[in-house]
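Please examine the sequence and the three-dimensional structure shown here before reading the report.

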Amino acid sequence: MVGDPKTLVALIVLFSLYANLGASMYGVIARKNLVKKLICLTMLGDTVNVFAILVGYRLSRGGTPVPPVFTEWSKASEKLLANFVSRSVDPLPQALVLTAIVINLAVTIFLATLILYTHRHFGTVEMDRVSEMKKGELVDEVEVS
Amino acid sequence: MDAATLCLAMIGFASLLSVFATIMAVLDRDLLRAALFSALQSTLYAFLFYVLMAPDIVLVYVAVAVGIYPLLIVLLIKKVGRFEEVGR
């Protein structure tokens, strides 16, 4: 049923996320500049995080979903709790994504440091230039030995 | 047009605009503009997180992906040079 607006929007979101995944993977693999690779890697991680959140989103139970934050708890509120449990989205992917964002941040800072040292050592951040220089260094070492 | 339809339209628009931002960020030879397009994509993703009922993710994600990543990449670009080499 593509005519249903919710289904249509879900299809658009899925298509966009797959397109983003493909484009950023192309950037990580095919672009030569290391900084461009880093930018594309952050975008790739963000897209995967949105996928994980999308998995936890539950439409099928009826009613509008609510965030997994329960604010009205008291001992006599079991009915409220049952209503909340039937409507809230899944909190587990959100916890995992929260961790993944922080880990992504640490990995990105580490890779930025490595790119900076690559630039200091080789004077460039273009990948094929760096590999040419590495080849030259290897040839020099073989000739010396 | 009621509020729910408007919300759905905004979700669709944000997703499609994020595809544009990603493709521009991948194809642009100017790394500074690529970083800004990446921040635009992160902003749209933050909106998607909010609509997908994850407000606690939004709080962390906006600070990290719109604040710290572009700052880090701009500092890196300042050290290593702004433009990609053409034709290699």
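The report below treats the basis of the model, each chain, the helix packing and the contact between the chains.

## Basis of the model

This is a predicted model, in which local features need pLDDT of at least 70 and side-chain atom pairs count only at pLDDT 80 or more, while totals for chains, interfaces and linings use all residues. Residues are numbered from 1 along each chain as its sequence is written, and chains are lettered from A and ligands numbered from 1 in the order in which they are written.

## Chain A

Chain A contains 5 helices and 0 strands; helices (H or I, at least four residues) and strands (E, at least two) are DSSP runs, numbered from the N terminus. Read from the N terminus, the order of elements is α-α-α-α-α. The radius of gyration of chain A is 24 Å, well over the 15 Å that the globule rule gives for 145 residues, so chain A is more spread out than a compact globule. This radius is taken over C-alpha atoms, and the globule rule is 2.2 Å times the number of residues to the power 0.38. The C-alpha trace of chain A spans about 80 × 40 × 20 Å along its principal axes.

Of the 145 residues in chain A, 23% are buried. A residue is buried if 20 or more other C-beta atoms lie within 10 Å of its own, exposed if 12 or fewer, and partly exposed in between, with C-beta atoms placed from the backbone. Among the contacts in chain A with a separation of 6 or more, 53% join residues 24 or more positions apart. Two residues are in contact if their C-beta atoms, placed from the backbone, lie within 7 Å.

## Chain B

Chain B has 3 helices and 0 strands, in the order α-α-α from the N terminus. Its radius of gyration is 15 Å, well over the 12 Å that the globule rule gives for 88 residues, so chain B is more spread out than a compact globule. The C-alpha atoms of chain B fill a box of roughly 50 × 25 × 15 Å along the principal axes. Buried residues account for 39% of the 88 residues of chain B. Of the contacts in chain B with a separation of 6 or more, 56% are between residues 24 or more positions apart.

M53(B) lies in the loop between α2 and α3 of chain B. M53(B) has a positive phi of about 65 degrees although it is not a glycine. Most residues other than glycine have a negative phi. M53(B) is also buried, with 23 other C-beta atoms within 10 Å.

## Helix packing within each chain

Two packed helices are described by the angle between their axes and the distance between the axes. Axes are lines fitted to C-alpha atoms, for helices over the stretch in contact, and angles run from 0 to 180 degrees between N-to-C directions. Angles under 35 degrees count as roughly parallel, over 145 as roughly antiparallel, 65 to 115 as roughly perpendicular and the rest as oblique.

In chain A, the axes of α1(A) and α2 (residues 34-56) come within 8 Å and cross at roughly 155 degrees. That makes α1(A) roughly antiparallel to α2(A). The residues of this contact include L17(A) and L21(A) of α1(A), together with L41(A) and L44(A) of α2(A). By class, the contact of α1(A) with α2(A) has 10 nonpolar, 4 polar and 2 charged residues. Here Ala, Val, Leu, Ile, Met, Phe, Trp, Tyr, Cys and Pro count as nonpolar, Asp, Glu, Lys and Arg as charged, and the others, Gly among them, as polar.

In chain B, the axes of α1(B) and α2(B) come within 9 Å and cross at roughly 155 degrees. These two helices, α1(B) and α2(B), are therefore roughly antiparallel to each other. Residues of α1(B), including I11(B) and L17(B), meet residues of α2(B), including F37(B) and L48(B). The contact of α1(B) with α2(B) comprises 15 nonpolar, 5 polar and no charged residues.

## Contact between the chains

In total, 42 residues of chain B are in contact with 44 residues of chain A. On the chain B side, the elements that give two or more residues are α1 (3-27), α2 (31-51) and α3 (55-80). Of these, α3(B) gives the most, with 15 residues. The side of chain B that touches chain A has 29 nonpolar, 8 polar and 5 charged residues.

The axes of α1 (residues 5-30) of chain A and α1(B) come within 9 Å and cross at roughly 15 degrees. The helices α1(A) and α1(B) are therefore roughly parallel to each other. Among the residues that make the contact are V9(A) and I12(A) of α1(A), and L8(B) and I11(B) of α1(B). The contact of α1(A) with α1(B) divides into 13 nonpolar, 9 polar and 1 charged residues.
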